[in-house]
Amino acid sequence: MRADLVALILAAGAAGAEPVRIDISAPHVVGVSGIEVTPDGARFIAVSDAGWFLEGHLSREDGVLTGGEVTRVRPIIGQNGFPVRARRVGDWSDAEGIALLPDGTIYVSFERWARVARYQSTTAAGEWIKDDPDFATYAENRQLEAVAVDASGTIYTMPEVAVGAAGFAMYRLDRTGWVVAGHVPASDGFSLVGADFGPDGMLYLLERKLVFATWWQSRVQRFDLATGALELLWAPGANDFGNLEGISVWQAEDGLRATMVSDNNAAPGVPTEIVEIRLTD
């Protein structure tokens with residue numbers, strides 16, 4: 001399972017950011033759309049479009065990312081006890097986002113059948129959470145890309161597309177079900193593909209757009225739920241990176257880090273990469 005691990009320091013995409021890029025490509029590592037990194041920055045868990053949990057570790061030297069390896073691949077199990085991949089005809093398997101709670105509980109957001117499911121572990125069957133009627137109104141393959149959990153354990157999910165001028169709807173899971181807790185402003189044709197609450201309580205958003213053929217452009221923004229303020233943190237150029245879709249924000253010794261993963265869409269010759277940036281000193 002050992003991947004070809006290549007670390008490359010790139011030119012800064014924003015002030016103070018020095019992206020590090022590693023290649024975790026392997027035959028079984030395709031379509032990776034969501035990632036969570038453990039608080040120590042040493043391990044990760046990810047989800048793929050084809051319905052797999054991928055677990056692995058990250059190597060570091062003096063805190064700098066130097067490599068990574070997928071060490072375990074498990075099927076995501078549906079609430080019926082069968083792998084979601086077995087229902088590919090019904091498009092149950094399109095896992096897009098992941099949120100990891102301190103107790104090990106996992107939340108996964110899906111597209112096509114737009115939903116969020118709860119998992120007690122990577123080997124457990126999914127626990128059903130009642131869908132919001134809004135979920136089915138979003139265009140196919142443009143549905144629930146992001147799921148995130150705040151410090152209180154409250155779950156949020158967001159679609160890929162904005163709702164008119166209001167922006168991206170933020171659905172919060174309350175006792176009675178999903179409620180719209182607000183909207184994140186949308187701009188410049190970017191779609192929302194990943195989100196994570198940082199240890200500072202702020203919501204970090206990964207956005208992307210297709211600018212030409214297979215050229216992707218990404219950006220990371222920070223959203224303050226209390227004030228509605230939105231701050232651009234990182235905006236690399238078009239085609240500097242691949243199709244970045246998942247983001248995890250965690251506290252390193254030298255400040256906040258954002259670790260992102262690219263979805264290669266199972267395209268031949270297109271690598272699956274982890275990209276890490278320093279958000280604060």
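**Notebook: salt bridges, cavities and a surface patch**

I began with Arg60, which counts as partly exposed at 23% relative accessibility. The model I am reading is a predicted one, and I kept that in mind throughout. Arg60 forms a salt bridge with Glu276, and the closest N and O atoms of the two are 2.8 Å apart. I then placed the two partners: Arg60 lies in strand β5 (residues 52-61) and Glu276 in strand β20 (residues 273-278), so this pair ties together parts that are 216 residues apart in sequence. Glu276, for its part, counts as buried, with a relative accessibility of 3%.

Next I searched the whole structure for salt bridges and noted 15. I also looked up Asp94 and Arg112, whose side chains meet in a salt bridge at 3.0 Å, N to O. Asp94 sits in the loop between β6 (64-75) and β7, while Arg112 sits in the loop between β8 (106-110) and β9 (115-119), so the pair ties together parts 18 residues apart in sequence. I recorded Asp94 as buried, with a relative accessible area of 2%, and Arg112 as partly exposed, at 27% relative accessibility.

Arg112 also meets Glu140 in a salt bridge, at 3.2 Å from N to O. Because Glu140 lies in the loop between β9 and β10 and Arg112 in the loop between β8 and β9, this pair ties together parts that are 28 residues apart in sequence. Glu140 is exposed, with a relative accessible area of 53%. Returning to Arg60, I found that salt bridges with shared partners join Arg60, Asp254, Arg257 and Glu276 into one network.

The largest cavity has a volume of about 60 Å³, and of the 15 residues that line it, the closest to its centre are Gly97, Ile98, Gly194, Ala195 and Ile247. Strands β3, β7, β10, β14 and β18 each supply at least two residues of this lining, which divides into seven nonpolar, five polar and three charged residues.

The second largest cavity has a volume of about 50 Å³. It is lined by 10 residues, of which Gly78, Gln79, Trp113, Arg115 and Ala117 are the closest to its centre, and by class I noted five nonpolar, three polar and two charged residues.

Last, I looked at the surface, where Val211, Phe212 and Trp215 form a nonpolar patch with about 300 Å² of accessible area together. Trp215 lies in strand β16 (residues 215-223) and is partly exposed, with a relative accessible area of 39%.

Definitions and conventions
Residues numbered from 1 in each chain as written. Predicted model: local features only at pLDDT ≥ 70, side-chain atom pairs only at ≥ 80, totals over all residues. Heavy atoms only, no water. Patch = residues over 30% accessible without salt bridge, like charges linked within 9 Å, V, L, I, M, F, W, Y side chains within 5 Å. Areas by Shrake-Rupley, 256 points an atom, 1.4 Å probe, with all protein chains shown as cover. Salt bridge = Lys/Arg side-chain N within 4 Å of Asp/Glu carboxyl O. Helix = DSSP H or I, 4+ residues; strand = E, 2+ residues; numbered from the N terminus. Buried < 20%, exposed > 50% of the residue type's maximum accessible area, 1.4 Å probe, protein only. 1 Å grid on protein atoms, 1.4 Å probe; cavity = no way out; pocket = protein on both sides within 12 Å on 5 of 7 lines; lining within 4 Å. Points joined across faces, edges and corners; volume = space filled by probe spheres on them. Nonpolar A, V, L, I, M, F, W, Y, C, P; charged D, E, K, R; others polar.
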